[in-house]
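Student: Could you take me through this structure feature by feature, giving the general idea before each case?
Tutor: Gladly; here is the sequence with its structure.

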Amino acid sequence: MYLAYNILYLIALFILFPFEYLKRSRELRNRWLKERLGLYKTTPHYSNTPLPCIWIHAVSVGEVIASTPLIKKIKEKYTDADIIISTVTDTGQKVAQERIGNIAKVIYVPFDIPFAINMAVKKIKPSIFIIVETELWPNIIRIMRRNSIPVLLMNGRISEKSFNRYKIFRFFMQDVLNNINILCMQNELYAERMRELGADPNKIKTIGNFKFDTRPSSAVPEWTGIFRRQKTEDREQTNERGFTIISGSTHRTEEDLILNAYMKLRTDFPRLNLIIAPRHPERFREVEELLKKKGLEYVKRSELHNSWFAESSESHRVSGLQTSYQASGIIILLDVIGELSSVYSVCDIAIMGGSFIEHGGQNPLEPAYWGKAIVCGPHMENFPFIDEFYRTGSALKTDSDSLYESLKGLLISPERILSMGNLAKELYEKNSGAADKAIAVIEKHL
């Protein structure tokens with residue numbers, strides 16, 4: 001079966017390679033290609049000593065963010081260890097560099113072909129290989145095991161879509177899973193799916209979700225001070241409270257839906273603010289054009305200087321636009337990477353992108369950390385724990401047709417917004433601790 005897999009993988013690689021290579025900048029292409037072939041440079045970060053080398057694979061941004069608490073705890077416990085984190089995507093590389101580049105070496109994972117993997121293992125000499133969530137590459141798992149390198153799956157999850165696909169190849173997946181030393185799953189549902197795929201039940205543990213241990217990636221930016229100042233002035237002048245909605249990690253068609261709801265809401269709430277953060281950087285321009293098409297005034301985050309919006313600033317002029325928040329709300333297009341998790345701190349309501357289309361939603365724990373009211377569309381399949389948020393009243397489930405009414409219902413009831421936020425924070429804190437459990441597992445295999 002591995003022979004058939006290798007043939008299919010090479011065919012797919014041959015077809016996709018030109019696009020993947022050429023879409024990157026000239027400066028990045030050579031490093032991307034060399035590292036994906038396992039041709040890594042020799043640097044002090046690679047293990048040339050008896051000290052442990054811990055290799056963690058996190059495919060993209062979500063996995064990098066989820067693994068950050070674990071990586072920081074690993075560094076605290078194994079101070080002298082080399083830590084390698086590999087990704088597939090360029091955005092994953094960028095976020096990894098920003099979050100943990102000071103304690104880990106960030107690389108591209110090799111192609112799942114034996115030549116590239118063997119070269120990587122020879123160069124890096126890992127003591128342990130940790131997969132975050134469910135990035136299951138059969139060859140890399142098999143070759144690590146053949147080299148007596150423990151393979152651990154951490155923060156394991158398996159969506160219903162992936163589960164149904166894997167069931168078709170259960171006889172092959174069973175072999176892949178049993179080459180993994182231990183499978184630490186987020187919850188019992190995912191653990192049961194692994195058992196149904198043929199994984200050894202004795203290798204499966206349920207330890208919780210690293211995402212409950214994540215913290216904002218950066219300090220709260222100074223420019224967000226305008227929203228805190230607005231709330232203060234509203235209380236002083238009108239005894240009312242200014243409101244800010246963040247629509248985080250939105251996908252195509254969702255921005256149109258949210259902007260339409262926002263335009264209707266401003267009839268009753270003229271000082272309502274909106275921060276809109278597209279999920280993919282390549283769509284920043286597209287969303288900007290949508291704002292122009294709707295005739296909405298907006299400010300791009302990339303054109304702000306923090307001092308312009310600092311709480312102590314007397315001037316609110318941004319790129320020639322006189323931002324008169326006394327008269328109307330402000331729209332900010334968050335066209336930068338890495339700030340969203342911290343910017344949630346100034347909102348009242350967080351709308352989860354990716355949940356109004358069949359994508360499966362984006363991470364609701366980022367606003368929950370700050371104690372914010374959370375609004376989700378019907379598609380939050382990527383985060384099964386959201387059901388507990390719904391049950392406890394920590395989050396509100398709505399749909400495209402009801403978004404406006406749902407938001408209006410919250411805005412006319414500030415006490416409900418506060419209650420939802422407090423409940424969300426309580427739930428977040430109750431479920432933290434998965435990273436500590438993972439450290440205990442890692443310790444047994446090092």
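What follows is a conversation about strands, aromatic rings and charged side chains.

Student: What should I keep in mind about the source of the values?
Tutor: This is a predicted model, in which local features need pLDDT of at least 70, side-chain atom pairs count only at pLDDT 80 or more, and totals for chains, interfaces and linings use all residues. Residues are numbered from 1 along each chain as its sequence is written, and side-chain values use heavy atoms, with hydrogens and water left out.

Student: In which order do the strands of the open sheet run?
Tutor: Strands (E, at least two residues) and helices (H or I, at least four) are DSSP runs numbered from the N terminus, and two strands pair if DSSP finds at least two bridges between them. Here seven strands form an open sheet in the order β3-β2-β1-β4-β5-β6-β7, with parallel pairing. Its edge strands, each pairing on one side only, are β3 (105-108) and β7 (204-206). β1 and β4 are joined in the parallel sense over four bridges, and Trp 55 stands opposite Phe 129 in β4.

Student: Which helix lies across β4, β5, β6 and β7?
Tutor: Contact means heavy atoms within 4.5 Å, while axes are lines fitted to C-alpha atoms, for helices over the stretch in contact, with angles running from 0 to 180 degrees between N-to-C directions. The helix is α19 (residues 434-445), which lies across β4, β5 (151-156), β6 (182-185) and β7 and runs at about 175° to β5.

Student: How many aromatic pairs are there?
Tutor: Rings of Phe, Tyr and Trp (its six-membered ring) pair if their centres lie within 6.5 Å, and planes under 30 degrees apart count as stacked, over 60 as edge-to-face and the rest as tilted. By this rule there are 16 aromatic pairs. One of them joins Tyr 5 and Phe 172, which is tilted because the ring centres are 6.1 Å apart and the planes meet at 35°. This pair links distant parts of the chain, with Tyr 5 in helix α1 (residues 2-22) and Phe 172 in helix α8 (residues 170-177), 167 residues apart.

Student: What geometry do Trp 55 and Phe 129 have as a pair?
Tutor: Trp 55 and Phe 129 are edge-to-face, at 5.1 Å centre to centre and 90° between the planes. Trp 55 lies in strand β1 (residues 53-57) and Phe 129 in strand β4 (residues 128-132), so the pair ties together parts that are 74 residues apart in sequence.

Student: Are these two residues buried or exposed?
Tutor: Buried means under 20% relative accessible area, exposed over 50%, and partly exposed in between (1.4 Å probe, protein chains only). Trp 55 is buried at 0%, and Phe 129 counts as buried at 1%.

Student: Where does the charged end of Lys 425 sit?
Tutor: A charge sits over a ring if NZ of Lys or CZ of Arg is within 6 Å of the ring centre and within 35 degrees of the ring normal. The charged end of Lys 425 sits over the ring of Tyr 369, 5.0 Å from its centre. Tyr 369 also belongs to an aromatic cluster, whose members include Trp 370 and Tyr 428.

Student: How many salt bridges are counted?
Tutor: A salt bridge is a side-chain nitrogen of Lys or Arg within 4 Å of a carboxyl oxygen of Asp or Glu, and the count comes to 23. Glu 20 takes part in a salt bridge with Lys 23 (3.4 Å, N to O) and in another with Arg 24, where the closest N and O atoms are 3.2 Å apart. Lys 23 is partly exposed at 46% relative accessibility, whereas Arg 24 is buried at 4%.
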